[in-house]
Amino acid sequence: MGPGPSDVSPRVLNAMARSTVGHLDPGFIGLMDETKELLQYAFKTNNALTMPVSAPGSAGMEAAFVNLIEPGDTVIVCINGVFGMRMRENVVRSGATAVVIEDEWGTQTDLNKLEEALKAHPEAKIVAFVHAETSTGVRNDAEKMCALARQYDCLTIVDAVTSLGGIELAVDDWQIDAIYSGSQKCLSCVPGISPVSFSDKALEVIKNRKTPVQSWFLDMNLIVGYWGQGGKRAYHHTAPVNSIYALHESLVMLHEEGLENAWARHARLHDKLVTGLEELGIEMAVDKAYRLPQLNVVRIPEGVDDAEVRGRLLNDYNLEIGAGLGAFAGKVWRIGLMGAACTDKNVDFCLAALKTVLK
């Protein structure tokens, strides 16, 4: 019950154990098509270029940046936690200029600051931000941020690593241009796969680049030949076949539950967890208006030894919760309620274990 990877469903583990076939096997090609359609459902998009990158969420992040950015571009990066900082790093390494908007950890990105930056930098090409900041438990207002970016003719790159499958996310309705996620959070799949989606507008930008994409492996111009819909597939790389089996099964489970039902389950159990934590005298670190239900950041009570509590939970109860990162190190715990781990049983177990250890 930490910040990820989350518990993997037995169904997903069983799927992963199926016989490995070739990455160009007709049966696997059919599975690729189904996986793509299921990802479109999860992202709420009809984007043709929707696929899993054969590497963790960090590779999905890099794929979005290296495909859309060219040297000399200006990118506005919104930072209110660790993963916004990683976005900035990708911008710089792509040879572009990063215009940084910083907000206090534990708060949302300020929309007024974003608009001021857009006005001050008419040359900006992209606005990049994290939808669900895993390091702070904050939900940024993706819908409004994307609307602002469009108003100033900017593309958007959105980190949805912790939000996909856990809270409302609507790629087409919000007109997100590039988005990436991870398999190991609310999808409760094994780590190592990064779902991504690019709008038609973003795809045009990629096709009309003046310079080659700096990463051969992550060049969408090449990968689209392998992950295109149906028909003949152009060999690009050997896909992690068994991991795709696992992702497919996790997406089937999400589809069976229903996307909106999954969001509602995360919200309900978050409320139950918060009530129980408050009874133990543990406060939430993030305002109710924009806290994440799937990643609960709580203040460590005064006089309590952070590492000792987490160690006791792990060693005595086989229960993992996360430590704080960056500015939150030693100040907060991060309690995950993601995917298959988001159950009444787990909430009850976590609260009972915390109560005993804190005593």
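**Entry 1: domains**

Which domains does the domain assignment of the chain give? I get domain 1 (11-256) and domain 2 (259-357), with bounds that come from an automatic or database domain assignment. Before going on, I note that this is a predicted model, where local features need pLDDT of at least 70 and side-chain atom pairs count only at pLDDT 80 or more, while totals for chains, interfaces and linings use all residues. Residues are numbered from 1 along each chain as its sequence is written, and side-chain values use heavy atoms, with hydrogens and water left out.

Next I looked up the domain centres, and 27 Å separate them, taken over C-alpha atoms. The contact takes 27 residues from domain 1 and 23 residues from domain 2, contact meaning heavy atoms within 4.5 Å.

**Entry 2: salt bridges**

How many salt bridges does a search of the whole structure find? I get 15, each one a side-chain nitrogen of Lys or Arg within 4 Å of a carboxyl oxygen of Asp or Glu. A reminder to myself: side chains of opposite charge can pair when their charged atoms come close.

I started with glutamate 256 and arginine 11, which form a salt bridge with the closest N and O atoms 2.9 Å apart. This pair links distant parts of the chain, with glutamate 256 in helix H9 (residues 241-257) and arginine 11 in helix H1 (residues 10-16), 245 residues apart. For the labels, helices (H or I, at least four residues) and strands (E, at least two) are DSSP runs, numbered from the N terminus.

Are the two ends buried or exposed? Glutamate 256 is exposed, because its relative accessible area is 54%; arginine 11 is partly exposed at 33%. The cut-offs are under 20% relative accessible area for buried and over 50% for exposed, with partly exposed in between (1.4 Å probe, protein chains only). I also see that Arg11 and Glu256 belong to a salt-bridge network that includes Arg18 and Glu249.

Then I took arginine 233 and aspartate 33, whose side chains meet in a salt bridge at 2.4 Å, N to O. Here too the pair links distant parts of the chain: arginine 233 sits in the loop between helix H8 (220-227) and H9, aspartate 33 in helix H2 (residues 26-43), and they are 200 residues apart. Both arginine 233 and aspartate 33 are buried.

My last pair is aspartate 344 with arginine 268, closest N and O atoms 3.1 Å apart. Aspartate 344 lies in helix H12 (residues 344-358) and arginine 268 in helix H10 (residues 259-279), 76 residues apart. Aspartate 344 is partly exposed, with a relative accessible area of 29%, and arginine 268 is partly exposed with 46%.

**Entry 3: the largest pocket**

How much space lies in the largest pocket? About 400 Å³. Grid points are joined across faces, edges and corners, and the volume is the space filled by probe spheres set on the points.

I checked the lining next. Of its 22 residues, Arg139, Lys288, Ala289, Arg291 and Pro293 are the closest to the centre of the largest pocket. The largest share, six residues, comes from H10. Domain 1 and domain 2 each give at least three residues to the lining. By type, the lining divides into ten nonpolar, five polar and seven charged residues.

Glycine 4 and proline 5 are joined by a cis peptide bond, omega about 5 degrees, and proline 5 is in the segment before H1.

Glutamine 175 has a positive phi of about 55 degrees although it is not a glycine. I found glutamine 175 in the loop between strand S7 (155-159) and strand S8 (178-180), partly exposed at 43% relative accessibility.

Serine 188 also has a positive phi, near 55 degrees. Serine 188 sits in the loop between S8 and strand S9 (194-198) and is buried, with a relative accessible area of 3%.

Key:
1 Å grid on protein atoms, 1.4 Å probe; cavity = no way out; pocket = protein on both sides within 12 Å on 5 of 7 lines; lining within 4 Å. Nonpolar A, V, L, I, M, F, W, Y, C, P; charged D, E, K, R; others polar.
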